[in-house]
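Have a look at the model first.

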Amino acid sequence: MTLTANWSYPTAVRFGAGRISEIAEACAAAGIRKPLLVTDRGLASMEITTRTLDLLEAAGLGRAIFAEVDPNPTDRNAEEGVRVYREGGHDGVVAFGGGSGLDLGKVIAFMAGQTRPLMDFEDIGDWWTRADAEAIAPIVAVPTTAGTGSEVGRASVITKSDTAEKKIIFHPRMLPRVVICDPELTVGMPPFITAGTGLDAFAHCVEAFSSPHYHPMSQGMALEGMRLVKDYLPRAYADGSDIEARAQMMAAAAMGATAFQKGLGAIHALSHPIGAIYHTHHGTTNAVCMPAVLQFNRPEIEGVIERAARYLGIDGGFDGFAAFVDALNASMGIPKSLSEMGIENLDMDRVVKGALADPSTGGNPVKMTAENTRALLEKLL
């Protein structure tokens, strides 16, 4: 099967192997003449990044990179990136990498023309309307992992440095204008990152599908996204050069991120404060939390999960689905508990408080309280 296509969300997505060669065309389509490429420290010197910079330079678009991005990007990273953007006279951002590079790149483009502080635009009520929408710079997004789906999202997750809280910054115009989904860029991902990012996509789909909110289009994408992860993540994990599997996982990541407009839930409500405080990998943390959260939500989601299991060809209804999740995690070496992740002496009160304050809480099928959230966390220890 030839997996190449052009889609519009309204984001224009250029999907297929080798399409990073179109990066200069993508910038032109977005109206960018002097881009700042934003990525994380680990990717900065890798061949896929230097090749992309070569392509931009050869097209007369300059060669500028900002890579001071933490694994869980912070407001301080954003402040420094905006300074570099302004001093360099840039007119747009190429957000390049996994969730950290994509999220921070989007925030730099968003904040470059604003006068208010970043946290004034947290995803609360209509705070996004405080922004000067015309001052938001255009974004071209290039994912190099298949998990967060931030390339097709209108928000970024940023850690507030002084409190170690993850905050969601939202504005409709943070949606990238053009996305290049080139599975060849993901071939070099080590297996543990393939697993963690892929299970992040799966968590997006599971939580969106389970959310009680009404959004039938998201429901369909979430269900098919789960199927793609079930069929292709084990292949991508076993053989990183399997381009078909890599491509299907990129599709699953974009589908999961689109689907979670319907809502997320306790998996993300827990993993956000855990990641902010203990600096754990987001997708892996989601995977660790998923089995316990499925059981926590069982009274409200048993029927919908049974329908998902039938579609996915999993026998045994809810119990069969839960067993599948356990087996998938085990097959890729996912820790079974937070302690196995290296978290000792968990600050229960702080994590519970952070989880209940997280916007994801509102999409959980079972209402989260201080008491039941604490009990859920105890199961994860």
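Buried residues account for 59% of the 381 residues here, where buried means under 20% relative accessible area with a 1.4 Å probe, counting protein chains only. Keep in mind that this is a predicted model: local features need pLDDT of at least 70, side-chain atom pairs count only at pLDDT 80 or more, and totals for chains, interfaces and linings use all residues. Residues are numbered from 1 along each chain as its sequence is written, and side-chain values use heavy atoms, with hydrogens and water left out.

How does the overall size look? For 381 residues, a compact globule would have a radius of gyration near 21 Å, and the protein agrees with its 20 Å; the radius is taken over C-alpha atoms, and the globule rule is 2.2 Å times the number of residues to the power 0.38. The C-alpha trace spans about 55 × 50 × 40 Å along its principal axes.

Now for the inside. The largest nonpolar core has 101 residues, and Phe 202, Met 226, Leu 270, Phe 321 and Leu 377 have the most contacts inside it. Such a core is a set of buried Ala, Val, Leu, Ile, Met, Phe, Trp, Tyr and Cys residues joined through side-chain atoms within 4.5 Å. Helix 10 (residues 282-312) gives this core its largest share, 14 residues; helices are DSSP runs of H or I, at least four residues, numbered from the N terminus. Apart from that core lies another, of 19 residues, including Cys 27 and Val 140.

How values were computed:
Buried means under 20% relative accessible area, exposed over 50%, partly exposed in between (1.4 Å probe, protein chains only). Helices (H or I, at least four residues) and strands (E, at least two) are DSSP runs, numbered from the N terminus.
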